[in-house]
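I am opening a notebook on a structure that is new to me. The entries follow the order in which I looked things up.

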Amino acid sequence: MTHQPPSEQPFFSAVVVDTLRSADQRASGGAKKPYDRLRVIWLGRTRVPGIEAGVELRLNGMVTQVDGLPAMFNPRYEILSRQEHL
């Protein structure tokens with residue numbers, strides 16, 4: 001997750017990893033593909049409620065390329081599950 005300093009235009013960014021696809025590829029001996037990761041960027045926000053490390057998400061939006069990585073701006077999202085912290 002990335003946070004901008006107060007002097008910059010606010011945005012909240014995170015890299016989402018498709019753990020199911022990655023696990024399938026490892027099991028079949030395949031190499032990791034670049035589409036296993038997606039950068040999601042919410043403009044005008046410094047945080048997005050519920051988005052934190054370990055959260056399983058469903059995202060909906062248009063995908064583009066930013067710095068060679070697939071990216072989605074201001075996606076609609078649904079939190080599917082959270083990791084419980086002890």
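The entries below go from the whole chain to single residues.

**Entry 1: confidence.** I note at the start that this is a predicted model. I looked up the confidence and found an average pLDDT of 81 for the chain. A score of at least 70 is reached by 73% of the residues. I then compared the elements: helix α1, residues 19-27, has the lowest mean pLDDT, 57. The highest mean, 95, belongs to strand β6, residues 69-73. Where pLDDT is low, predicted coordinates should not be read in detail. I therefore leave the details of such regions alone.

**Entry 2: the chain as a whole.** I listed the secondary structure and got 1 helix and 7 strands. Read from the N terminus, the order is β-β-α-β-β-β-β-β. The chain has 86 residues, and 23% of them are buried. Its accessible surface is about 6400 Å², with 51% belonging to carbon and sulfur atoms. I also checked the contacts with a separation of 6 or more: residues 24 or more positions apart account for 54% of them.

**Entry 3: strand β6.** Is β6 mostly covered or mostly open? I found it mostly covered, with 4 of its 5 residues buried. I then looked up its partners. β3 pairs with β6 in the parallel sense, over 3 bridges. In that pairing I noted Arg39, whose bridge partner in β6 is Ala71. Strand β5, residues 63-66, runs antiparallel to β6 and is joined to it by 4 bridges. Here Gln65 has Pro70 of β6 as its bridge partner. β5 and β6 form a hairpin, with 2 residues between the strands. I checked the turn and found that Asp67 has a positive phi of about 55°.

Entry 4: In soluble globular proteins, nonpolar side chains tend to be buried together. I looked for such a group here. The largest nonpolar core has 10 residues: Phe12, Ala14, Leu38, Val40, Trp42, Val48, Ile51, Val55, Leu57 and Met72. The elements that give two or more residues to this core are β2 (11-17) and β3 (37-43). β3 provides the largest share, 3 residues.

**Entry 5: aromatic rings.** A pair of aromatic rings is described by the distance of the centres and the angle of the planes. How many aromatic pairs does the structure hold? I count 2. One is formed by Phe12 and Trp42, which are tilted, with 6.1 Å centre to centre and 40° between the planes. Phe12 lies in strand β2 and Trp42 in strand β3, so this pair ties together parts that are 30 residues apart in sequence. Both Phe12 and Trp42 are buried. Trp42 also forms a pair with Tyr77, and this one is edge-to-face, at 5.7 Å centre to centre and 75° between the planes. The pair links distant parts of the chain, as Trp42 is in strand β3 and Tyr77 in strand β7 (residues 76-81), 35 residues apart.

Entry 6: Trp42 counts as buried because its relative accessibility is 3%, and the cut-off for buried is under 20%. Tyr77 has a relative accessibility of 29%, so it counts as partly exposed. I close with the grouping: Phe12, Trp42 and Tyr77 form one aromatic cluster.

Technical notes
Residues are numbered from 1 along each chain as its sequence is written. This is a predicted model: local features need pLDDT of at least 70, side-chain atom pairs count only at pLDDT 80 or more; totals for chains, interfaces and linings use all residues. Side-chain values use heavy atoms; hydrogens and water are left out. Buried means under 20% relative accessible area, exposed over 50%, partly exposed in between (1.4 Å probe, protein chains only). Contact means heavy atoms within 4.5 Å. Accessible areas come from the Shrake-Rupley method with a 1.4 Å probe; for residues, only the protein chains shown count as cover. pLDDT is the predictor's confidence in each residue, from 0 to 100. A nonpolar core is a set of buried Ala, Val, Leu, Ile, Met, Phe, Trp, Tyr and Cys residues joined through side-chain atoms within 4.5 Å. Two strands pair if DSSP finds at least two bridges between them. Rings of Phe, Tyr and Trp (its six-membered ring) pair if their centres lie within 6.5 Å; planes under 30 degrees apart count as stacked, over 60 as edge-to-face and the rest as tilted.
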